[in-house]
Amino acid sequence: MANTAVATGASTRPNYGSMSRDRTWALRWSYFFLVLFAIFFLMPPIYMLITSLKTSAEISAAKNPWFISNPTLQNYIDLLSQNQFLVFFRNSAIVSICVVILTMLISVIAAFALARMKFWGSATLATGVFLTYLIPETLLFIPLFKMFAWVNETFGIQLMNHWWTMIILYPTLTVPFATWIMIGYFASIPKELDEAALIDGATWMQTLTKIFIPVALPGIIAATIFTFTVAWAQFLYPLAFTTSTSELVLPVGIITTLIKGDVFNWGQIMTGALLGAAPPLIIYAFLMDYYIAGLTAGATKG
Amino acid sequence: MAQVTLRKVVKKYDEVLAVRGIDLDISDKEFIVLVGPSGCGKSTTLRMIAGLEEISGGDIAIGGHVVNDVPPKDRDIAMVFQNYALYPHMNVYENMSFGLKLKKTPKDVIDQRVKQAAQILDITELLDRKPKQLSGGQRQRVAMGRAIVRDPKVFLFDEPLSNLDAKLRVQMRTEIKKVHQKVRTTTVYVTHDQVEAMTLADRVVVMNGGLIEQVGSPNDLYHSPATKFVAGFIGSPAMNFISCQLEQAAGALRVRLNDTLSFPVPADRTARYTAHVGKPSLMLGLRPEHITETKPHTESNQHDFDMLIDVVEPMGMETLVYFTVNGREICGRVNPNAGAEAAQSMTLRADLSNMHLIDDSTGKVL
Amino acid sequence: MADIAARNPAGHPSQQRSSLHKLMQRKSTIAFLMALPLILLITILVAYPAGYAVYLATLNKGMTRFVGFGNFEFLFGRDTFWLVVYQSCLFAITAVIFKAIIGFVVAHFVHNIPAKGQRKWRGMLLVPWVIPPAMSTLAWLWLFDPSYSALNWLLAIFGIEGIPWTGEAGWARFSVILVNVWIGSPFFMIMYLAALKSVPEQLYEAASIDGATWWQRIWYVTLPMMRNIIAITALFSLIVTFANFDIVRVLTAGGPLNSTHIFGTWAFRVGIEGGDIPLGAAVSLFMVPILAVAATFILRDITKRGSEV
């Protein structure tokens, strides 16, 4: 037996060598392709940045578009001193923050009821939540358009052309999805934990606020980031339901006001787009791990 | 006074009976262990006492008050869970004081009680750690501390040691016993491990199929099991069961295992067994320690026989030998120096004064 | 102890049962109230509009008269409608396939490199998915600009000149798919990376000992282990891509000559901009069948996974 051990040992030794050589090459190729893909994935945002730092004259000059000869912050100064742009930004910020608060309130409480308290029809409702999450806004904006007209005729409340209408509308996109994530996070909390709380004398509300919310905090952070991202990025609803410049949110505002006919002021458009992309990007940069954990946990829209 | 009384307690899950009407009186300061295989209803019973499961029928009383409709928090109980169920976001101190805080207990009282419990359990230096930073044994102590702090009428333990490794389990077992001796709180403890049950309990309740098989002190259960189930469940290695017949010859009884093997029944059992002579489904129950190697002197009711040994398992302080009778594997415990060897014949000695006769059709020990 | 039994004569259980029942009811009432805002939101702003869309689709343009299937008959007779059907399917299927392939490949490369560098690469590669699509599509629009295309400037280095990215039907379709893939594949990458990490290392070691090549390891170990997540990610993406609006709207607005319109953008054009709400509703309803099929598969998979746990 000792014999064979020695023999196999000898024959595998060169193999180890080739294996590690294979691995080095695999690693080199991996890095090579990763760099290629990173270039592809990062090209548009980088080009945004490059363009935003150029003057109009340089943009229309026929030279290397990837190079900035006279970097300037003029586009940023122009845009940020425009009252209009600040209004877009304010509208977007208020809408997104309100939607986040509303969404988290509704979905955390509902998810707790659905995950732990089981009532008649709760299983059906959980499935229903998931199904609503799959219904795209492109299917709903036309009937909503008509429903708003009906609300105006019946109650005299004009929902059309107001930025705050978005606070009512966006939760249809964010709540099902945040509830779904939270159900998943709550379901992963061991049942014994709420039983221990029950024996310790906690009411349902105390169990939620003192045990579940702190324990599921990573999930709540993930759901909050997603809700914010979705609310900030939403494009179809504000495009369909708001028209006056004072009522627009950022993405729609940039596209409808900065693009005037055939005159494209690309320096300012790219600056606006970059500033519009900044809040989600900044949040992502700081809370990336929560974002990715939430994404893979059950958030599966994209 | 904190006795616990169960009267005809039934638990139904959608027409499936998990607990089929059990009666149990647990007296004050007693340490009761519910033991049985998984699915026997022991955990369900404990959870009904805790108030975590609704009772489908019967009554449960704690300290003389029926608590069927009382929510868990008002039953004055504390529970230690299998996975400890420590609140992961709170440190040890907060975990232990959470229940008292919800009851609006004054801060200094909480502090004093937590410190005292921590001292009993020797976890004082862990008070500001989070559960994540604790070892399994330490978590176990904290879970117990959380229960002690509340100074409840009844402690409930749901398989508290099954997540620990073997060595720690033995250590914590002793720890639990010590704590009980200090605080003397009525305790109901659920486990599937019969060794745990035997070592901890004042009285053991053996459950099977939603019913109580037998209640008794550890020694009672071991030496006089009431049913075949209890006989087989308590003790390790398990009791041997060999199909047999009871014969009567010249006023004396004999258990006949097969054509070649039969033993005389001890004289003091003759009266008890005579009625069962010739019954078809009898079984002889004999624990492994009552099948030994031959010894220089013979006591009454000991009988030697020769056997071909199949397998030998040396355990250090003893050696287990396995052989086959009537197609069943039988285990005996012999001295390591008795010279047991596989595939060799060996003379063994059966101690019939510790025999059990079982009616296999009813499962009752006769 | 005897007195306990005495105080609870056998006659009482029914009364106890009913009060306990009340308690349980109270718990479920609380739970229902906690879920009520969610239920109201879903009913009023999702379920009702979805049903209302069906009703709207059966009215005439002025919404004064019931026309039954009139709008649908009208649509079936129009070439543009069939173009939109074709383009929606083409975009969704092609984009999802490329997203899945690129996502899988990139996930593999990230998985290959040492663990401590992975977080950085992963973070960088997910950026397209974080930027609001309307904003990043603007950047692509500028990259595709007919006169100042920075992309064409790069391609010119390799001798490829003057591609009309958004100006010509074929290229416009390609561009829309390209942007779609650019936005969506990082998401696939993240999902696949998580799935790759969940494959136990021992399986690969066992496969290596059995003499499997790297390709056989992917085919016989990785893919079967990831089958579930691949399917569910692809189905999700299919729904979202099929119902897309932002990219087409910003990049081409459906042009040139309707050659990039998909259901969402065409419904917007017809219903909101064209003022024919019933016809717009009818167009958007054509998304329902494919959404329903995908949703059924996803739901089946999720309940299956649920029962395994």
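Chain B holds 9 helices and 22 strands. The model is predicted. Along its principal axes, the C-alpha trace of chain B spans about 80 × 45 × 35 Å. Chain B has 366 residues, and 39% of them count as buried. Among contacts in chain B with a separation of 6 or more, 67% join residues 24 or more positions apart.

Next, a helix pair in chain A. Helix α4 of chain A covers residues 83-117, and helix α11 of chain A covers residues 217-233. Their axes come within 9 Å and cross at roughly 140 degrees. α4(A) and α11(A) are therefore oblique to each other. The crossing of α4(A) past α11(A) is right-handed.

Residues from both helices build this contact. On α4(A) they include S92(A), V95(A), V99(A) and T103(A). M104(A) and V108(A) also take part from α4(A). The α11(A) side includes I220(A), A223(A), T227(A), F228(A) and W232(A). By class, the contact of α4(A) with α11(A) has 10 nonpolar, 6 polar and no charged residues.

Chain A also meets chain C. The contact takes 76 residues from chain A and 76 residues from chain C. Helix α1 of chain A, residues 2-52, gives the largest share of the chain A side, with 15 residues. By class, that side has 60 nonpolar, 14 polar and 2 charged residues.

The two contacts compare by class as follows.

| α4(A) with α11(A) | 10 residues | 6 residues | no residues |

Technical notes
Residues numbered from 1 in each chain as written. Chains lettered and ligands numbered in written order. Predicted model: local features only at pLDDT ≥ 70, side-chain atom pairs only at ≥ 80, totals over all residues. Axes fitted to C-alpha atoms, helices over the stretch in contact; angles between N-to-C directions. Helix = DSSP H or I, 4+ residues; strand = E, 2+ residues; numbered from the N terminus. Parallel < 35°, antiparallel > 145°, perpendicular 65-115°, else oblique. Left-handed = near helix turned anticlockwise from the far one by under 90°. Contact = placed C-beta atoms within 7 Å. Nonpolar A, V, L, I, M, F, W, Y, C, P; charged D, E, K, R; others polar. Buried ≥ 20, exposed ≤ 12 C-beta atoms within 10 Å, placed from the backbone.
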